Amino acid sequence: MTFLIRNISYTADGRQIVRPAEIASGGITVGRAAENDIHLPDLAVAPRHARIEIRDGRRIAVMATGGLPFDLDGRSAERADIDTAKGAELRFGGHRLTVGQEGGKVTIAVERVEALSDASEEKDEAKAFSLRGKLPGKRLSAWGFAVLVLIAFLAVPIWTYASYKDVKQRPNRFHADQSWSSGPLSLAHTSLEGDCQACHTKSFVAVRDSACIACHKDVHDHAEPARLLAAKGHQGLGGQLLTNVAHAFNRPEGRCVDCHSEHEGAGPMQPTADKFCTNCHDGLAGRLTDAKIEDATDFGTAHPEFRPAIMIVPGAQPRFGRISLARNPTEESGLKFPHALHLSRGGGVARMAQTMKRQQGFGDALACNDCHTPTADGTRFEPVNMEKDCAMCHSLAFEEIGGTVRTLRHGEPEQVIADLRAYYRSTGPARPVSLGGMARRRPGQYAQGRMYHAYFGAAAARPSGADQAIRAVFSKGGACYDCHVVSPPAVAGSDAWRVLPVHQTMRYMQKGWFDHDAHRTERCESCHAAGKSMRSNDVMLPGIATCRTCHGGPEAKADIPSGCALCHSYHADERAPWVTRRRVTASRTAMNSAPPDVQGREK
């Protein structure tokens, strides 16, 4: 059967409101708990006071389940059978439940008939179990707490700050103005924990750049402050609002702390997010029309091709220009050195390497590390040195005296000419044995075509042989010409031979950073196409597409997510960017702590 529950309540003017609800079930529950079918919010009623079940078409059974009785027609009971056709009245606390039958349904009218105890209604129930009556009112409490906050976090910290204003190092204990701090200082500034005035030089004035420069004297600006402000992108309504608020509180733009945020944790200072860079470098050409920098927002998707510093005018005073690798630039270094010839696994160079395998440690062919030696930090490579890296194959020897080999002076053309002339002046042709001793000479032996004439004629002409030797050295097939760019003298017979000075670029990426040591697990051929270079003026730098095979933007799913600060420094100098230095330090620390067998494999 079905229960028809009618909840009856009254308005302020006495009008009755009936809310019916049907429950198709063989039994229902009555109690104070909200999950009961008949909810009676009265502390005189148990949470699950009773259960009402249908026995047949007319009769129902009421059973107390919470340990408390109920009233049936004025009498206390814990169990009762009721004929719904006759009807009955149940009482639970201050509520009356009138039982009847209507249209084959069991009807129960629920009505509050008595004033309840202070703790019986929901609103009274909360009051009964609270300390509201024992505390001051809300308004008084609010004002009291406001005054307490002002005293604890404004007045007392101000007094503390004023008390230690001229103290260089505070005592090591809690100070009230520490409540203004958002967190501990980074490791770089941990020594200033007790010297707040080192940065906060004036009360209620934001940190100024002068406080930073007091210690960081060698740090220079990224650009002129006026250009930096002009380069910033559109801030939007929210950003402009924040800027206006900052100006209102005397917080100017472009300060050091815009990038170098402090009081954010005791670990290393966190690197600046890429948006700090892209705020200017996205659409920069539209804001600074004289800018020569292309837009860049993400290394993996929106970064221009590399523009290394290429020597465009060779000589003693070379000139350099930044040229995009997309233009396939060339560079006249002053050397004639085709890499493909020297790295070939066949031919004369490879055969010579094989003959010197035991003496020089070569393999079956020359390799990159046979000539290129990393710097001490592994970042770049030492300049190739003729005496150390080339002379074993390209000899400059011209005479041997008593087991000592004399060589021409490398890198000094004037001295080469002088040495050759001195050599031909100081030495003569080999003296025939028949001309030795004190034996008497027969007349006629000095005639033309005879031995005396031939020898002494050659000896007289010996100094002029220097001219031929000098021309041979500086001409095609000579010791200098085969490797260097040689200019002959403008006047025939002159000694004004000129050799173009050799320039070996140590750092092409002047505006970025590349560390070979960080890529030591890669092969040289992975990035540099030296084995295919047939011209000595090829610039064998990898383009950005090669780097993107491993590196992507900071949010990209690349092997190495790479932000701006990995390769670029805001305060650029000759050192690696700060983020890279930190990575290298962490990598070397991990390597030093690794087992010996792991270290050997890495090397």
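Begin the tour by selecting residues 397–401 and 404–407, where strand S15 and strand S16 run antiparallel and are joined by four bridges; strands here are DSSP runs of E with at least two residues, helices are runs of H or I with at least four, and both are numbered from the N terminus, while two strands pair if DSSP finds at least two bridges between them. The model is a predicted one, in which local features need pLDDT of at least 70 and side-chain atom pairs count only at pLDDT 80 or more, whereas totals for chains, interfaces and linings use all residues. Residues are numbered from 1 along each chain as its sequence is written, and side-chain values use heavy atoms, with hydrogens and water left out.

Two residues lie between S15 and S16, and Gly402 in the turn has a positive phi of about 55°.

Next, move to the open sheet of five strands, whose order is S4-S3-S5-S6-S9 with mixed pairing.

Two backbone positions come next. Most residues other than glycine have a negative phi. Select Asp73, which is not a glycine and yet has a positive phi of about 50°; Asp73 lies in the loop between strand S7 (70–72) and strand S8 (75–77). With a relative accessible area of 48%, Asp73 is partly exposed, on a scale where buried means under 20%, exposed over 50% and partly exposed in between, for a 1.4 Å probe and protein chains only. Then go to Asn328, in the loop between strand S14 (319–322) and helix H8 (339–343), where phi is near 50° and again positive in a residue other than glycine; Asn328 is exposed, with a relative accessible area of 64%.

Now display the aromatic rings. Rings of Phe, Tyr and Trp (its six-membered ring) pair if their centres lie within 6.5 Å, and planes under 30 degrees apart count as stacked, over 60 as edge-to-face and the rest as tilted. By this rule there are seven aromatic pairs. One of them joins Trp180 and Phe204, a tilted pair at 5.9 Å centre to centre with 55° between the planes. Both residues lie in the loop between helix H2 (138–163) and helix H3 (209–213), so the pair ties together parts that are 24 residues apart in sequence. Trp180 is partly exposed at 40% relative accessibility, whereas Phe204 is exposed at 63%. Elsewhere, ring pairs link Phe398, Tyr423 and Tyr424 into a cluster.

For charges over rings, the criterion is that NZ of Lys or CZ of Arg is within 6 Å of the ring centre and within 35 degrees of the ring normal. Select Lys336, which lies over the face of Tyr481 at 3.6 Å from the ring centre, and then Arg548, over the face of Phe299 at 5.9 Å.

Finish with the cysteines. How many disulfides does a search of the whole structure find? With a disulfide taken as a pair of cysteine sulfur atoms within 2.5 Å, the search finds zero. The sulfur of Cys524, a partly exposed residue at 39% relative accessibility, has its closest cysteine sulfur in Cys368, at 4.0 Å, too far for a bond. For Cys547 the closest cysteine sulfur is in Cys527, at 6.6 Å, which is also too far for a bond.
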